[in-house]
Amino acid sequence: MTKPPTSPAPSLLTTFFDRPLPLYLTSAILRIIFLIYGLWQDANSPVKYTDIDYLVFTDAARFVAQGHSPYARETYRYTPVLAWLLLPTAKQTGNRYLDVALFSSGKILFALADLVAGWLLELILTRSKSLPPATARKFAAIWLLNPMVATISTRGSSEGLLGVLVTALLWAVLSGRVTLAGLLLGFSVHFKIYPFIYAPAIIWWMGRQPAASPPSSIASRALGFITLPRLQLTAVSLATFVMLNLSMYSSYGPEFLQHTYLHHVTRIDHRHNFSPYNSQLYLSSVFPDLSSSGLRIESVAFLPQLLLSCVFIPLALAKRDLAGAMLAQTFAFVSFNKVCTSQYFLWYMVLLPLYLPGSSFLENKKLGLAALGLWVLGQAGWLQQGYELEFLGNSTFLPGLWVASLVFFGVNCWILGVIIGDVGRR
Amino acid sequence: MRERITFIQKLGDSLDPAEVKVDRNVIKAPDVQAVREDRLSLALDELPAELQSLLNGLHELHIRWVSPIAYEAISPLLARLPPGFHVFFTPGNEIKATSTKPCETLAHVFGPQVSCSTPGDSFTALPNDRFSHSAAFQYFRPLDTLAPFIKYAESQLCSDKSCTDRLSALSSASTLDISYDTISHSLRITATWPYQRQKVHATARPNSRTEVGILSGDKPKTLEPHELGISGLLTVLGQDDKPSVAMFTFPSRHRDAESSFSAKFLSPTGLHPTLQLSLSSSKPPPGVAEDTCTPHAYLTLPNTIFPDKYQLSDPLFLASKNLTALRYVSSPIDLEAPDYVLKSWGSTVLLELSPPSAAAAATTAAGGGEWTVEIPLHLRYLAPSFTGYATVNAPYPAVFWACTAEEGTKFPNNPFEKVNLGYDGLFGPRTVFWHVEPKPVRGRELVNKVRVPVLDLSKAEWVNVGTAVAVLLGFLWVVWRLGGVVFGKTKKAAAEEKKKQ
């Protein structure tokens, strides 16, 4: 990399990143403005700023506060832990302003989670990637100052919590805190299932230092694979996951299993979304017994998704760059998933600042702009078809939405290919 | 068997008793402009075996069918329901909520459009905490014809032409009510025909008591505000040789609000159609204390179209639609599932409407004039079709002002009383329903059609293969890139290496 010519005077941009305060303060203020604006819009407009999901969480929290099950709220499909975290939102003091603040406490929590995730990104970038702090903050700003991220958390979507969990997991692993990593991994999987894909990458990465003398036989290689840290991580994360599930099951019974986990397996609601499988799922949900068409792609959809995100990508990339591998895994998992909405994009967006330094997208500006442009256009094309369906009532399922989802899927695969190439060079 | 035939004319119209000819079992009079109501009470053993065994096993069953064709209601027959086929059912000792018999019998009697599995699966539970008189379960289906019922009844009940003639006349009826409960132990069938020119001619059937009334609305000076009055001529065939003059007044739960409304979906409907009600008057019914009255809309929505109770809970949102509150919604309503996997018939909704305030109404040109209400609804995914579209029929709601009568007012059963209408059980016992007359936007039907986009099967041929190929290509591309990382150097790295050398 050639050094850019030193500028005569430090620009405003450089001073902004020189110290941590301006960045974190700006990120916090950005979220406070969004929060207050949201309160104003909710109070004055019939169109609400607050996400419907937030009303689901807070209703569930209210049920819990009254000693009921959070699953008494229809469409609550999360772990009870989330409802517990939001218990303050169910509190009523009688003071109007205090009550509004209490009701917003969940959003404040999600926004704080954003900030902590950003701070962890900075930590990882400086410690593990050896970037100077100012540069690290510049990359962390992609997350911290991203209006999409700030909007999602201040509207009350819980995806921001995933961001902090995953960055904390990565930080714990990279800094050798195996027990903490196990706890975080177990908890994250309990919270949102998908972080299980990180387990194989982390396990594989943990053996990255080549042994002094390469073992010769397969048996000794296999034995060499089983190391104490690996066993520790596996045991702690499994124990955390199992204990959490057992305790939730003992409190809420089969309802907990049904809504938190089984729902995602048995769901047949296939309201249009970005997934390439969407049209096929609609079709097959109507004719479940029709087998004349031979093998149905959606019945084996888990194969390409899990092979890529849990086997091939970890094996090929984890030892070269764990953060990059995790980004590629998440990207593959989301792109090949049977359901895909824009909230899922946050799952990989949080890992982007860790991958971007030195990536071809930044090295080659044209490539970077092309990728960003295609990613946005891919969604825009789909959204246009979705708008025609949802609001104008035009039957755009076929070919419009279907083709748009396949195009977007193609764009995602291409971007994933570039990411893989980049991480592979590290 | 007991039979009652009543012709009801409007206030002020009446027939000269001298024009009515009674000859033993036959009554004849000149045509009248009237509503006709026929009421038949049958003992259980007069019914087909299939119906006997069903009714014997259950506690109560009320069927209310309303024609989709708009009709004018004449006092005292003022109660209204959304057009379609309503069932109110309470299980008994033998016919339980899990029994398939009620649904099988209903489909057999009323035709395949009435499709359900068991009351437990397909019906919705009615709240039983308020008034003991409401049934346990409710069911509804849009149904625009009684033809299958007429055919069934002709084959099961008739042995002569006069019987089939009477039954086939049902094809022009505006309502049909069938009620049974274990206490009365008899089946009561009531049909009404719309206000039009009616032939007055009836013959008593052997072994049955037939009463014929030729009545019209009346307002005697002694009439209390909560009462209705009718007067006219009554004749019991085979017993009276001339009609006797009669007049009665009785308290009525159902009244005429003397205003009208129409309903239509705002365009474009999309997947979230909004039903707009246009009401002709924002003033409460005449002669009623304003503060005791609020307008309501009662909707019975088939499964394909549903309300979101969470959306209908925000006061600001409701106010922007001229709604006050969601007073009742049947539960559960799945907010996500496609139509074709649901067993339940749909949902009932009771909304309190928010008329413009008196001050706001005064500023408009026609004070207390027309106003609108918007009811946001949602469509389910429906099964694919070969045109890419499907049609959902949404019946008009019943719209009424619910007013609370003075303390101490009693509403004993009157001869034209209608109970078990679904919404009556959601109000207190002193509530009077002042009905707003539904008027079609165009045509004669009180049903709105929504065009729903669905997956177009004629274009679906390549979906399975196309999706598979796309996913496979994407997968292979990613694997190829991974292979490049594992088994070789990427081109760029190789090129860089070359450069270094």
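**Entry 1: where chain B meets chain A**

On the chain B side, α6 (315-320), β24 (447-453), α8 (463-487) and α9 (491-500) give two or more residues each. α8(B) has the largest share, with 16 residues. Helices (H or I, at least four residues) and strands (E, at least two) are DSSP runs, numbered from the N terminus. I sorted this side of chain B by class: 34 nonpolar, 10 polar and 9 charged residues. Ala, Val, Leu, Ile, Met, Phe, Trp, Tyr, Cys and Pro count as nonpolar, Asp, Glu, Lys and Arg as charged, the others, Gly among them, as polar.

**Entry 2: what I am reading**

This is a predicted model, where local features need pLDDT of at least 70, side-chain atom pairs count only at pLDDT 80 or more, and totals for chains, interfaces and linings use all residues. Residues are numbered from 1 along each chain as written, chains are lettered from A and ligands numbered from 1 in written order, and side-chain values use heavy atoms, without hydrogens and water. Chain B averages a pLDDT (the predictor's confidence in each residue, from 0 to 100) of 88, and 94% of its residues score at least 70. For the complex I noted an ipTM of 0.88 and a pTM of 0.86.

**Entry 3: size and charge between the chains**

I counted 53 residues of chain B and 61 of chain A in the contact (heavy atoms within 4.5 Å). Their buried area is about 4800 Å², with 68% from carbon and sulfur atoms. That is accessible area (1.4 Å probe) lost on putting two parts together, summed over both. I found 2 salt bridges (a Lys or Arg side-chain nitrogen within 4 Å of an Asp or Glu carboxyl oxygen). A:Lys48 pairs with B:Asp314 in a salt bridge, closest N and O atoms 2.8 Å apart.

**Entry 4: inside chain B**

I took domain 1 as 2-251 and domain 2 as 255-454, bounds from an automatic or database domain assignment. Domain 1 of chain B puts 50 residues into their contact and domain 2 puts in 46. About 4000 Å² is buried between these domains. I found 2 salt bridges here. B:Asp177 forms a salt bridge with B:Lys418, at 3.3 Å between the closest N and O atoms.
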